[in-house]
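Please have your viewer ready.

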Amino acid sequence: SSIVTYPAITHLSSRLIGHPDVDVWNHAWGFWWVKTQLFDQGKLPLFTEMIGYPKGGRLYFIDPLNALIAAPLQALLGLVPAYNLVLMAELAFSGIATHWLAREVGVSSRGALLAGVLVCASPVLRCEMHNGITEVGNVGWLALSMAAIHRAMGTGRLRHAFLAGGATALAFVACWYHGVAAGGVAVLLAARNLVRSRPGFDALRQKAKPAAVYLATALILAAPFWMAFLWTLEGDGSIIKRLPGLNRFLVHHNATDLLSFFVPGRYHSPDLWRDYGERFLHTTYLGYTGLLAAVFGVRRASARPWILVGSAFAVLALGPYLFVAGRFVTAGKYLVPLPFAVLSHGIGLMAITHPARMVIVALICLSIVAGLGLDRLEASFPSYRHALTVALLGAGLVELLLFAPGPFPMSMAPAEVGPGIRAIAMDPEPGAILDVPVQYLDTMRTSRYLYEQTVHRRPTPYVVNVRAQSTPWLHQSYIYQWIRALPGTRQVTMLDDLKAAPRARLLDSIVRDFIAAGYRYIVVHRRIVSPPFGAWPYRHLFDPVLGPPEATPDGLWVYRLPSSPSSVPGRTRPPAAPGGTSDDAGGSSTTGGS
């Protein structure tokens, strides 16, 4: 794990595992929020007032298991080391659990070691770590549930079925995709056993008992988490909202290229940076070392169920429509449908917007068969068994780390918080904070504001995806319309218009939408906005009504707002909205429609 995540081991306290332009900040914030809610305030982490200010809202952190594991480490070491250590541990656990699964199947200790290394070093998992999507790295719980399912299938004992159901529930809590995948593995293995054994009615009834125990245990244990998740998505109080037409957009955005299973190097298709300006990396690369070793294991009887399961999940991972070499394949004017599209209409699989994650089951199955292949090679060449093990382990690590489409060395996000933010944290005067720019190109770089909230502890109007289209609360504010327009190349064309903006209207917006609404700070992060445009347009926006800001050594311009509207020079009271009092005006403009 230390090798695969290098250089994280040398920056445990100063950098976060993951690229700074993607989801790393959101997930680090989630670790902090769960710990603060549960252990510092004694509340269930299902509602927050820290984001979506001033209303807050319902929120379910998508990786509760890792957050719970990280909580005591946070208390001892701080957020950054806890986050990094948990991610390194989950990667190691994925290898350990795969090793145990392989041993359950009958693989030797050396073959199981190969299986564990192939999963631990997989570019599939490294890309998700680069993306900061910590729950997908919880592969160990999926492998653990697969091992428990395999044992329950073999023994038929109710106790083992109960343990398998509990392991599946754990996989589900760790990551929805892994829980669904574990259930799919159980269905496929059970169907294969029934077809092969063709049991009579009495035998079938006996087999139904452990199946019922497994299913009931998994559903009962996972249901509270699923219901909590659904509750946070319902109604106007939900912070996470699925936009109409999102699934149609994600069909291309999250497409799985057939070639990505096999093309080495830096092949990523679709290329999200080229097509969308996003730094996310996805791959389904399996690796030729594992495939080569698996060739020698396919004839083993114990490999056959895993070949079936792995093949089925590899096909599911291709998603609803065939996508090859960066484009959808068509038959005439129609897309070529795949089994995922057929199943989606029957059991709602379209809710799984990242079908490529199903490849993790295929990867685990391939690793098991590769371990069996190593066993066969060692049996055929007993004098060279140690050399064969070392050669395959070395080849696997070299290929997967250096020649596969996954980041190595691991991407790291600088986690130091400068004196400007720390000074804000020391201010005893309460109040919310507005960080700008709200967006940098189409990346998630500005989600760092959520991470900085773990230091200054002030509420923010932004939500977990800190981008302009994702934060509706201020969209009716006059000054916020300028804030949304300024980042990026539009600054040049908008600057003359901004200079001509009426000072009285800017002042009214500052008073009504920020000061009266309880904001204490507006902070311009100069280093986020790239040259040649820089952050100067924000000075043209705020200086005429707030005066010059305080410049801090960490590249901030900090505007400290007056504590009340009456303290604003040239104003004695906030303006009233038509048909309402000044308090009504402040409330309506800050919580305006999405």
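Which residues have the most contacts inside the largest nonpolar core? Before the reply, a word on the ground rules: this is a predicted model, in which local features need pLDDT of at least 70 and side-chain atom pairs count only at pLDDT 80 or more, while totals for chains, interfaces and linings use all residues. Residues are numbered from 1 along each chain as its sequence is written, and side-chain values use heavy atoms, with hydrogens and water left out.

The residues to look for are Leu16, Ile364 and Phe542, which have the most contacts inside a core of 159 residues. A nonpolar core here is a set of buried Ala, Val, Leu, Ile, Met, Phe, Trp, Tyr and Cys residues joined through side-chain atoms within 4.5 Å; buried means under 20% relative accessible area, exposed over 50%, and partly exposed in between, with a 1.4 Å probe and protein chains only. Helix H15, residues 359–380, gives the most to this core, with 14 residues. (Helices are DSSP runs of H or I with at least four residues, strands are runs of E with at least two, and both are numbered from the N terminus.) Leaving aside residues up to four places away in sequence, Ile364 touches Leu101, Val119, Val139, Leu142, Ala143 and Met146, where contact means heavy atoms within 4.5 Å. A second, separate core has eight residues, among them Leu46, Ala169, Trp176 and Ala228.

Now for some open space. The second largest pocket has a volume of about 360 Å³. Of its 18 lining residues, Arg448, Glu452, Arg527, Ile528 and Asp554 are the closest to its centre. A pocket is an open set of points on a 1 Å grid over the protein atoms alone, where a 1.4 Å probe fits, with protein on both sides within 12 Å along at least five of seven lines; lining residues have an atom within 4 Å of a point. The volume is the space filled by probe spheres set on the points, which are joined across faces, edges and corners. The lining divides into seven nonpolar, three polar and eight charged residues; Asp, Glu, Lys and Arg count as charged, Ala, Val, Leu, Ile, Met, Phe, Trp, Tyr, Cys and Pro as nonpolar, and the others, Gly among them, as polar.

Finally, the backbone. A cis peptide bond joins Val436 and Pro437, with omega about 5 degrees, and Pro437 lies in the loop between strand S9 (432–436) and helix H18 (448–456). Leu441 is also placed in the loop between S9 and H18; its phi is positive, about 50 degrees, although Leu441 is not a glycine.
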